[in-house]
Amino acid sequence: MASSIIVSQWLSDRVLPRAIKAQQMKPFVLKAVLFVVILAILIGSIDFYFILTKEGIANHERTELILTHFYQAIPSSLLINGTACGIRFYQEHADIQRIHSQLQQNFLESQVKFLQDQVNPHFMFNVLNHIHILMKKNVEMADYLLLKFSDILRYQLYECNQPLVLLTRELQYLQDFIAIEKMRWGNELDVSCSWNQSSKDLYIAPLMLICFVENAFKHVNRLPNQKGSIELSCVEEEGKLQFNISNSYQDYPQLASTGHSGIGLENVKKRLELQYENNYSLTIHKLDNSFTIQLTIDLNS
């Protein structure tokens, strides 16, 4: 019995994990067959000894008895080794899945961090410069803009460290961002927004929507003597978020190399696939004079 435990434990604890890590399962199968034979011999060793030492049995009968007991020991050997290896394989598979999930989560967090780093410097420089100008013209408006900007920084720096944030907080962050941009561009842009959230306890991955909003303001059409326009609609019903944003657009030669499909947008696509897999849909329409993004996310998943 002790020998059976030793053999099966060696196969499951030493040989199997090495084979899984090295991805060499075929050699493991051959080794497993060898271990089954060894264990079958060990299981039937007492019977072998009894048959070999008992008197009154012919030699050909001894051989038949030994072979019979050997064959009878094989199912027991298979059961012992199979059970031990099955349990070990399940444990190894669970460990691999856990490591894979951790790596996936780390990648997702790095994508979020990359997006944060991408949004902050560009936006920060423009807002601070605008506040500097307003301090000389309209102190009250500069104070209002500074408060909104501090709320945005607080959200980005402290609240976005979690895998998920309240949808209410994410939408408030977008509204603060849009309020600042509307103030910066003044009469150069017509901005229309509609917000509707029916559930207050839903969560979303942080900074998932800001790239679409930032790109709309960044690439909106601003021809001389012509206003640009941005339309945004964000509706949540029964856990499903429908986010649409559209801006007037002209494919200027100087913008042809950047466009809306820059690295920020590609990052969001990757994050959507990692975070929501088959529970979202993203559609992008680029026409001669408009650029539209339609995003649907099932936040119940």
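What share of the 301 residues in the protein chain is buried? In this predicted model, buried residues make up 37% of the chain. The fold contains eight helices and seven strands. Among contacts with a separation of 6 or more, 72% join residues 24 or more positions apart. The accessible surface comes to about 17700 Å², and carbon and sulfur atoms account for 57% of that area.

The interior may be considered next. In soluble globular proteins, nonpolar side chains tend to be buried together. Here the largest nonpolar core has 48 residues, and those with the most contacts inside it are Ile204, Val213, Phe243 and Ile245. Helix α6, residues 167-185, supplies the largest share of this core, with seven residues. Valine 213 illustrates the packing: beyond its neighbours within four places in sequence, valine 213 is in contact with Leu174, Phe177, Ile178, Leu232, Phe243 and Ile245.

Charged side chains also form pairs, and the structure holds six salt bridges. One of them joins arginine 169 to glutamate 159 at 3.1 Å, N to O. Arginine 169 belongs to helix α6 and glutamate 159 to helix α5, 10 residues apart. Another salt bridge joins aspartate 190 and lysine 227 at 3.4 Å. Because aspartate 190 lies in strand β2 and lysine 227 in the loop between α7 and β4, this pair ties together parts that are 37 residues apart in sequence. Aspartate 190 is partly exposed at 41% relative accessibility, and lysine 227 is partly exposed at 43%.

A further salt bridge, between lysine 269 and glutamate 266, spans 3.5 Å. Both residues lie in helix α8, three residues apart, about one turn of the helix.

Key: Residues numbered from 1 in each chain as written. Predicted model: local features only at pLDDT ≥ 70, side-chain atom pairs only at ≥ 80, totals over all residues. Heavy atoms only, no water. Core = buried A, V, L, I, M, F, W, Y, C linked by side-chain atoms within 4.5 Å. Buried < 20%, exposed > 50% of the residue type's maximum accessible area, 1.4 Å probe, protein only. Helix = DSSP H or I, 4+ residues; strand = E, 2+ residues; numbered from the N terminus. Contact = heavy atoms within 4.5 Å. Areas by Shrake-Rupley, 256 points an atom, 1.4 Å probe, with all protein chains shown as cover. Salt bridge = Lys/Arg side-chain N within 4 Å of Asp/Glu carboxyl O.
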